[in-house]
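Colleague: Could you walk me through how to read a protein model? I would like to start with contacts between charged side chains and then look at a helix.

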Amino acid sequence: MAQTDMDSGEDGGGGGEPEVIAKTSVLGGFTESTEIRALISSLPVVHENIVTLESAIERFLVIMDRYQEQPHLLDPHLEWMLNLLLELIRSEQSPPLLVHLGFKFLYIISKVRGYKIFMQLFPHEVADLQPVLDLLCRQDPRDPETWETRYMLLLWLQTREPIMDRILAVAKSYLMVTDKSRDAASVLVSKFVTRPDVKLKRLGDFLDWSLTTISQASDQTMGGTVILDGALQSLAQLFKHGKRDDFLQYAPVVLQCLAQCHVAESSQATLRKLGVKLVQRLGLTFLKPRLQLLGGLKDKETIVRWSAAKGIGRVTGRLPRELADEVVGSVLDCFSFQETDNAWHGGCLALAELGRRGLLVPSRLPDVVPLILKALVYDEKRGACSVGSNVRDAACYVCWAFARAYEPTELKPFVTQIACALVITAVFDRNINCRRAASVSDHSGTFPYGIDIVVAADYFAVGNLNNCYLSIRVIRQLATKALHNLTPQAPDYMATTVMPQLLPIALGIDLHSRHGAILASAEISHALYKLANQNNRPVTELISSDCVSDQYVVRPQQIFVVVVVSCLCRGFGGELMRPAVCSLIENMSLSKMPFKDDPVITGWQWLIDDTLKSLHLISPGPRDGIKEAAVSALAALCEQYYQPQPGMADPQMQEVLVSQYIAGLKSTEVLTRCGSALALGSLPRFMIHGKLHQILSGLQQSCSQREVCFTEARRDAAKAMAQVCVTAGVSAQGGSDSVVCEGNVSAVYRALLDCMTDYTLDSRGDVGAWVREAAMTSLMEVTLCVVGTAPQLLSPGLVNGMMCSLAQQSAEKIDRYRAHAGSVFVRLLHSNNPAVPHIPHREELLAIFPTEGAEGLNWNAPSQAFPHITQLLRLPQYQYHTLLGLTVSVGGLTESTVRFSSQSLFDHLMLIQQDAAALGQFSEALLHVFRDNLRNDRVSIPFLKMLDQMLARACFDTFTTDQDHQFCVDLLSLCKEEIKKSKDTQKLRSAIAVFCGLIQFQGEVRKKVLFQLLLLLCHPFPVIRKTTASQVYEMLLTYDDVIDPDVMDDVMTSLSDTNWSENNHLCKSS
């Protein structure tokens, strides 16, 4: 978007495509006031040391920079900061370095707050003028180290005292320096010379000096450029702040001087900008330099064009309507294809300035809008690259200005054209700045669906190129859906006018037009079919005879040929065209088009199969959408064209497709396996009939292959298994090759329950979770289907295994999968139409998860989920699996999960402390979990961490009074087995903590624990030796009865003084 008109007159230009979006935080106030006061007060001390001095300056800068975006927060504190610093500056004891330091701090404050606000607080008494002027005269104008002092002194001299000559002399000298003091001097001159008492005596003299300086200086040298800059800047400021009556007599002389010095032709962009700025000020004085301003619109530098555009806006605002319209006409001359991109850019900026100031009359819109539409797509080749992004960006600025300058009724004839052009730019322009500018060009609601489009394609969404081209293309898809919905309102128009126009575009060369035309043709056809079906008419009666006889039956073949023969199903084009043609196939099939025995059906089937086999060639972003489109097309195609009689499949096609997709389940490409599995899941019932055993066997085999590279295939096979079962239906007495029955239901459940144990890991993390999630969903779908028809097929063993597996998943650490498992668990528990049979402890579960409170339970929140799920530990059937799930949560890494899961677990243990039977049962389940997962690091390492917490909290305190309690003996044995020959430092350190916790048990087991710790003190890894020594030291402090008191001091000394990082005498002796 074009830049905002700033008071300072500084203009930006150019730039690339910033992909990083700055984030700011809103501050509540100036919270560092105490620190700043202390920092200023310390300056007399810190300035003597260069290190402390630099540290103080840096800290002051850091604090002040925080308030760059909210400088008003400093206002209540400016006065005391100013007084503290002026006190240092005025003090006679302050050395020059400290004085300069004070001015440096004043400059930093003025930079943040702005000098206009800050300088109002400076004292302007008579007593201050002479010292300030004397101090400024003592400064060296060319000293680069003290420019902040000179800058602040010059601003301070904006006083009301008549020491004119000295002030003007100093100001003139600073107009010729190279640092920022030159800008301050021009502000000083503009405010000082325009004072009523000064302008009478010194205005003419100063203008003479300025014009003489401009005439004598040359822009070919660095010094001359600096002098010209200062003189031009001071003149521009004078004509800006002065009264027109005072300067009108001097304007012709100044304009003549500018023309003679050829400032507009200077090689320096800054000088040309200042020249244009001065010309526009002169124009506001006597309205004659219009042509020079129009020339500035074509300058090669952006800052000059921008300044000229603002000048034209200001000048035109003072003209009568007729003359203002002439200016608009002159600006429109910039929009010629004989002009360069600079002229187009300058013209757009000028139109935007005229528009937002209300100077472009509505009668001019028919002339202006077509030019802006051309500017929105302006792109000119320049060798190997192209130019025009700045023109398109400025054109968006014009649209932004128009949307706010005109009433909706005035824009109504053009709003559709502008809105369409802006959406295209926002979604498909290759330049990020243009996309963003277009996306924010209407928030006002002037454009149709403007707010909805801004939400879908907002400033941040269009910033991402992949998101823009692959996700926001949904706007085109939504447009075709809109055509579908509009068809019933004007079916004849759609059939006779729109369809004949769309079909040729579907075969055109433009990718995006072809994509949209194919989607639109498909949607309109389906809508016409539904309308015809309501009236018991064939769809061919609604479509024009031309389309049916000459075009329409041939067109699908031609679309297929264009897509395939032109290789448009590969690369980025293929990523658009494949789902579009699949949508066409689906809608043609759903519309029951008379294509049976037509060769196009074979071509469509080939395209679907090729898509499912080529998924690995498609980029990850659109892959899932393309896969779903192909599968949906296959289902519709089979339903319409592979069913010669109702409920009966074409035997040849059934055999070919089923065999082909089952073979695809064994492909070496994982995505081919995925496509084949989902294709089997999408087949209609008549295609599955007689092949169910073959299909289920293939899917079960695919689920059982645990290779890391086939994780996605296992996930989709689990999904497909449920889809096949639901499609085939359930019958207790049916055949296993046609329906789900007693002969195959157990195999289905075994395969899905086996998927629930998939914990495959790769570089992406726990990818097995995808399989577990799909298995949970499939178990729910199959169970509800079986329960609704033949609940007797579900044995207690199947239901018990399913519910226990769901309970385990409901207690695990990943929020998403825990939430999914919990919702499935509760859904099956509360199912009552009819109820799922044989659920263990149904009544107790309903008490834990009551029907009325289940919907409000947030399984994603550990604070809500774990207090409920740990109650399953009381139920024997669920205790083992719930404890197994809790193990990885309590011993995990996520702070919130660890905190709430461990707290819920320990709350349960505290409740059963006095119940010996319950505690014994829990300890047996704990040992069972450890024993079943020995050397399984996914469980064993979190288990050791959880066990350490249990021992530290004295959860088994009742066992410690018995000599050699069996729980401790078994636990020690399992720990020894777990770390045997292990080189995993995380596991070894966790085991050390457990051994130190086991020391609380009495009997021979304590000696065995000490022996293990001594072995670990001699471990080859230094980190293990150090950890062991540290934890044994702490353990001996806690349990003072472990070692004989006579040798305790020696042991503690050895543990603390020995250098365990090196091999020591203990290790050597061992």
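## Reading salt bridges and a helix face

Modeller: Happy to! Keep in mind that this is a predicted model. Let us begin with R113, which is buried, its relative accessible area being 16%.

Colleague: Which residue does R113 form a salt bridge with?

Modeller: To spot a salt bridge, look for a side-chain nitrogen of Lys or Arg within 4 Å of a carboxyl oxygen of Asp or Glu. R113 has such a contact with D75, where the closest N and O atoms are 2.5 Å apart. R113 belongs to helix α5 (residues 96-113) and D75 to helix α4 (residues 75-90), so this pair ties together parts that are 38 residues apart in sequence. D75 is partly exposed, at 32% relative accessibility.

Colleague: How many salt bridges are found in the whole structure?

Modeller: A search finds 34. Another one joins the side chains of R364 and D367, with 3.5 Å from N to O. There, R364 is buried at a relative accessible area of 16%, while D367 is partly exposed at 40%.

Colleague: What about D716 and K627, are they buried or exposed?

Modeller: Residues under 20% relative accessible area count as buried. D716 has 1% relative accessibility, so it is buried, and K627, at 6%, is buried too. Their side chains meet in a salt bridge of 3.5 Å, N to O. D716 sits in helix α38 (residues 711-728) and K627 in helix α33 (residues 620-641), so the pair ties together parts 89 residues apart in sequence.

Colleague: Which residues are linked with D716 and K627 in a network of salt bridges?

Modeller: The network also takes in D624 and R715.

Colleague: Now for the helix. Why do residues three or four places apart point the same way in an α-helix?

Modeller: An α-helix has 3.6 residues a turn, so residues with that spacing point the same way.

Colleague: Where should I look just after α14?

Modeller: Look at H262, which takes a positive phi of about 55°.

Methods. Residues numbered from 1 in each chain as written. Predicted model: local features only at pLDDT ≥ 70, side-chain atom pairs only at ≥ 80, totals over all residues. Heavy atoms only, no water. Helix = DSSP H or I, 4+ residues; strand = E, 2+ residues; numbered from the N terminus. Buried < 20%, exposed > 50% of the residue type's maximum accessible area, 1.4 Å probe, protein only.
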